[in-house]
Amino acid sequence: ALLAARTAYSAARTRSPCSTQIAQLVHCVSLCVLSGAYVDTAPLDDGRLIHYAAALGAQDALALLLSRSADVGAACTTDGALPLHFAAAHGQPSSVRMLLAAGAQADAPDVSGLIPLEYALRGSDGCTPHEGHAACHELLLRHLAR
């Protein structure tokens with residue numbers, strides 16, 4: 001199930017995820033959680049389930065992970081990106097909202113010192129910035145202004 005989650009994310013990374021890819025991720029997360037797997041299990045290709053759910057905008061999967069206390073502050077080992085960085089980079093405002101509500105830090109830097117707001121501005125590799133990025137930027141700006 002963990003490998004399938006990583007595969008669903010990889011397939012959707014360079015374009016808008018389709019409903020099938022999101023459904024696959026939700027199914028994989030459900031299987032992991034229902035089988036008793038630790039939701040913050042060892043990183044998959046340097047990302048955890050919460051990173052993939054946030055990046056794909058898979059709200060059901062993200063909600064399930066958050067309900068099981070998945071770590072919103074879990075950093076990737078190579079670049080220090082958090083789930084909020086992933087959501088902002090992929091232009092997923094619903095994920096940004098959910099992560100902020102769960103206590104994610106909007107001003108948390110990655111190892112290069114970039115915060116999620118900057119990820120929303122530049123998008124991710126292979127992901128052309130779109131209206132979702134602008135929405136993430138606005139959400140993060142308002143959150144930081146509090």
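Predicted model: local features only at pLDDT ≥ 70, side-chain atom pairs only at ≥ 80, totals over all residues.
The protein as a whole comes before the details. The protein contains 8 helices and 0 strands, and along the sequence its pattern reads α-α-α-α-α-α-α-α. Of its 146 residues, 48% count as buried. Taking contacts between residues at least 6 apart in sequence, 67% join residues at least 24 apart. The exposed surface comes to about 6900 Å², and carbon and sulfur atoms supply 54% of that area.

Next comes the interior. In soluble globular proteins, nonpolar side chains tend to be buried together. Here the largest nonpolar core has 38 residues, and the ones with the most contacts inside it are Leu 65, Leu 84, Val 96, Leu 99 and Leu 140. At least two residues of this core come from each of helix 2 (19–34), helix 3 (49–56), helix 4 (59–67), helix 5 (83–89), helix 6 (93–101), helix 7 (116–122) and helix 8. Helix 3 gives the most, with 7 residues.

Leu 140 shows how such a core residue is surrounded. Leaving aside neighbours within four places in sequence, Leu 140 is in contact with Leu 84, Ala 88, Val 96, Leu 100, Ala 106, Pro 116, Leu 117 and Ala 120. Two of these partners, Leu 84 and Val 96, are also listed among the core residues with the most contacts.

Leu 140 is one of the buried residues of helix 8. This helix has 14 residues, and the distance from its first C-alpha to its last is 20 Å, close to the 20 Å expected at 1.5 Å a residue. Its buried residues are Gly 132, His 133, Cys 136, Leu 139 and Leu 140. These residues lie on the same side of helix 8, because they cover an arc of only 125° around the axis. They pack against helix 5, helix 6 and helix 7. On the other side of helix 8, Glu 131 and Arg 142 are exposed.

Arg 142 leads back to the opening residue. The side chains of Arg 142 and Glu 138 meet in a salt bridge, with 3.4 Å from N to O. The structure holds 1 salt bridge. Both residues lie in helix 8 (residues 131–144), 4 residues apart, which is about one turn of the helix. An α-helix has 3.6 residues a turn, so residues three or four places apart point the same way.

The loops remain. Gln 105 sits in the loop between helix 6 and helix 7. Gln 105 is partly exposed, with a relative accessible area of 49%. Not counting residues up to four places away in sequence, Gln 105 touches Leu 84 and Pro 116, and both of these are also in contact with Leu 140. Gln 105 and Val 72 are 33 residues apart in sequence, while their C-alpha atoms are 8.4 Å apart in space.

Tyr 38 belongs to another loop, the one between helix 2 and helix 3. Tyr 38 counts as exposed because its relative accessibility is 60%, and the exposed class begins over 50%. Along the chain Tyr 38 and Arg 68 are 30 residues apart, and 9.0 Å separates their C-alpha atoms.

Key. Residues numbered from 1 in each chain as written. Heavy atoms only, no water. Salt bridge = Lys/Arg side-chain N within 4 Å of Asp/Glu carboxyl O. Core = buried A, V, L, I, M, F, W, Y, C linked by side-chain atoms within 4.5 Å. Buried < 20%, exposed > 50% of the residue type's maximum accessible area, 1.4 Å probe, protein only. Contact = heavy atoms within 4.5 Å. Expected span 1.5 Å × (residues − 1). Arc of directions from axis to C-beta. Areas by Shrake-Rupley, 256 points an atom, 1.4 Å probe, with all protein chains shown as cover.
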